[in-house]
Amino acid sequence: MNRNDQDYVISKIRSAYTPKQKDSLYELRRLDAQVRRPAQVFSYIFGSISALIMGAGMSLVMTDIAAMLNIPHALPIGIAAGLVGMILAIINYPLHNAILNARKKKFAPAILAMSDKLSRGE
């Protein structure tokens, strides 16, 4: 490991143990995360639920799990559940964008003002 790599590793470890200063750039990053995080959390949860629904439908159609659970007429139920899960998975991205755009609109004045202030060097 050459000297530059050592200096980088040392500074990275050192920065993990030094107290962080809450400057304007920190606040800008915090605001940006506050805008994006709710949309991401919603998308992860909604996407996981829709994938589970779609998978349950596929399991009913493709395996004999319906017979073990004593579910009569599993094919139409499985197809319906799979389609519902697929539709939910398809609308996940537009819902994510709608939530993100609404939050961007809400926080835009504060973020733009802070970024203008930072770009001017204040």
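**Close-ups of salt bridges and a nonpolar core**

Arg30 is partly exposed, with 39% relative accessible area (partly exposed sits between buried, under 20%, and exposed, over 50%, using a 1.4 Å probe and protein chains only). This is a predicted model, so local features need pLDDT of at least 70 and side-chain atom pairs count only at pLDDT 80 or more, while totals for chains, interfaces and linings use all residues. Residues are numbered from 1 along each chain as its sequence is written, and side-chain values use heavy atoms, with hydrogens and water left out.

**View 1. Arg30 pairs with Glu27 in helix α2.** The two side chains form a salt bridge, with the closest N and O atoms 3.0 Å apart (a salt bridge puts a side-chain nitrogen of Lys or Arg within 4 Å of a carboxyl oxygen of Asp or Glu). Both residues belong to helix α2, residues 24–62, and sit three residues apart, about one turn of the helix (helices are DSSP runs of H or I, at least four residues long, and strands are runs of E, at least two, numbered from the N terminus). Glu27 is partly exposed too, at 24% relative accessibility.

**View 2. Arg36 and Asp32 make a salt bridge.** Here the closest N and O atoms are 3.1 Å apart.

**View 3. Asp7 meets Arg3 in helix α1.** Their salt bridge has an N to O distance of 3.5 Å. Helix α1 covers residues 3–17, and the pair is four residues apart in it, about one turn. Asp7 is partly exposed at 34% relative accessibility, whereas Arg3, at 55%, counts as exposed. With the salt-bridge rule above, the count comes to three.

**View 4. Five residues build the largest nonpolar core.** Its members are Leu31, Val35, Ala39, Leu100 and Phe107 (a nonpolar core is a set of buried Ala, Val, Leu, Ile, Met, Phe, Trp, Tyr and Cys residues joined through side-chain atoms within 4.5 Å). Helices α2 and α4 (74–119) each supply at least two residues of this core, and the largest share, three residues, comes from α2.

**View 5. What does Val35 touch?** Setting aside neighbours within four places in sequence, Val35 is in contact with Leu100, Arg103, Lys104, Phe107 and Ile111 (contact means heavy atoms within 4.5 Å).
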